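Biologist: Please take a close look at one part of this model. I would like the helix packing, and the residues around it, in one connected account.

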Amino acid sequence: MKTFIVLPAILLANQLDFTNDTTVLGLRVAFGVAQGIQLLIAAYLYYVITSKNQQGRVRVPPAAVPSWAGGDETPAPPTEVTVCEYDLSELKKFATQVIMGLAIVSFIHYKWAVMPPLVVQAVLAPFNIWGLQLFQIHVLGKTEANDPKLKRPFPAEQGGLGSLFGMGGGDNNAAAADDTPADEDSQETTANTPSKKAKGGDDKKPSSKKKKKKTATTATKKTKATTTDLQKLD
């Protein structure tokens with residue numbers, strides 16, 4: 001979903017006059033306010049989560065590590081934590097993303113005076129807050145009965161630039177893996193099954209032998225008949 005928000009935000013940024021000091025100041029203020037609101041929401045969520053201190057248990061599967069990064073083929077067992085601990089770990093991820101985005105975009109803007117990232121981050125901020133499961137649960141009061149995505153552990157976030165360029169190939173690889181044995185089986189079947197031409201050749205050989213045998217039998221009978229006729233004449 002965020003991909004479809006980023007593209008219009010970039011188009012909007014291209015329509016703005018970045019040579020106008022008022023426009024530049026407005027973008028900087030909007031960017032700062034948007035990031036500040038996200039951090040304030042994170043601080044409020046921290047207060048709510050620690051106040052509730054829910055002690056229910058959540059089984060968290062280990063983070064998947066790709067094989068090229070040295071991932072072990074044997075998956076690690078899931079860890080069990082309390083609801084409070086799990087929510088705090090998810091909140092930490094969100095706050096880290098906000099701080100890193102703030103630092104990176106601020107550095108790019110300060111170093112090269114690039115303006116579009118300010119627009120994109122300012123536009124994305126409300127959607128980031130609204131899409132945060134912790135915000136839906138602890139602020140809006142929703143439960144997993146309202147939305148299955150709110151069930152802990154939360155599903156991994158999909159999308160981003162990887163999905164935009166078709167890099168999320170987990171299912172495609174699985175499908176390819178399923179197709180490979182089928183292709184091998186079909187090749188084996190083709191190799192083991194004789195062709196029609198070969199079958200035709202095998203059918204013709206016995207008939208040719210039968211024909212030769214029949215001709216030889218006929219010739220023997222004629223020879224015997226001739227011999228008998230000569231004996232009668234004598």
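**Helix contacts and an aromatic pair**

Modeller: Leaving aside neighbours within four places in sequence, Ile-41 is in contact with Ile-129 and Phe-135. This is a predicted model. Ile-41 sits in helix α2, residues 21-52.

Now the packing of α3 and α4. Helix α3 covers residues 83-112 and helix α4 covers residues 116-130. Their axes come within 10 Å and cross at roughly 165°. Angles over 145 degrees count as roughly antiparallel, so α3 is roughly antiparallel to α4. The crossing of α3 past α4 is left-handed. From α3, the contact uses Phe-94, Val-105 and His-109. From α4, it uses Pro-117, Leu-118, Gln-121 and Asn-128. By type, the residues of this contact are 4 nonpolar and 3 polar, with no charged residue.

Next, the aromatic rings. The structure holds 3 aromatic pairs. One of them joins Phe-107 and Trp-112. Their ring centres are 5.8 Å apart, and the planes stand at 90°. Planes over 60 degrees apart count as edge-to-face, so the pair of Phe-107 and Trp-112 is edge-to-face. How exposed are the two residues? Phe-107 has 47% relative accessibility, so it counts as partly exposed. Trp-112 has 55% relative accessibility. Exposed means over 50%, so Trp-112 counts as exposed.

Definitions and conventions: Residues are numbered from 1 along each chain as its sequence is written. This is a predicted model: local features need pLDDT of at least 70, side-chain atom pairs count only at pLDDT 80 or more; totals for chains, interfaces and linings use all residues. Side-chain values use heavy atoms; hydrogens and water are left out. Rings of Phe, Tyr and Trp (its six-membered ring) pair if their centres lie within 6.5 Å; planes under 30 degrees apart count as stacked, over 60 as edge-to-face and the rest as tilted. Buried means under 20% relative accessible area, exposed over 50%, partly exposed in between (1.4 Å probe, protein chains only). Axes are lines fitted to C-alpha atoms, for helices over the stretch in contact, and angles run from 0 to 180 degrees between N-to-C directions. Helices (H or I, at least four residues) and strands (E, at least two) are DSSP runs, numbered from the N terminus. Angles under 35 degrees count as roughly parallel, over 145 as roughly antiparallel, 65 to 115 as roughly perpendicular and the rest as oblique. A crossing is left-handed if the near helix is turned anticlockwise from the far one by less than a right angle, and right-handed if clockwise. Contact means heavy atoms within 4.5 Å. Ala, Val, Leu, Ile, Met, Phe, Trp, Tyr, Cys and Pro count as nonpolar, Asp, Glu, Lys and Arg as charged, and the others, Gly among them, as polar.
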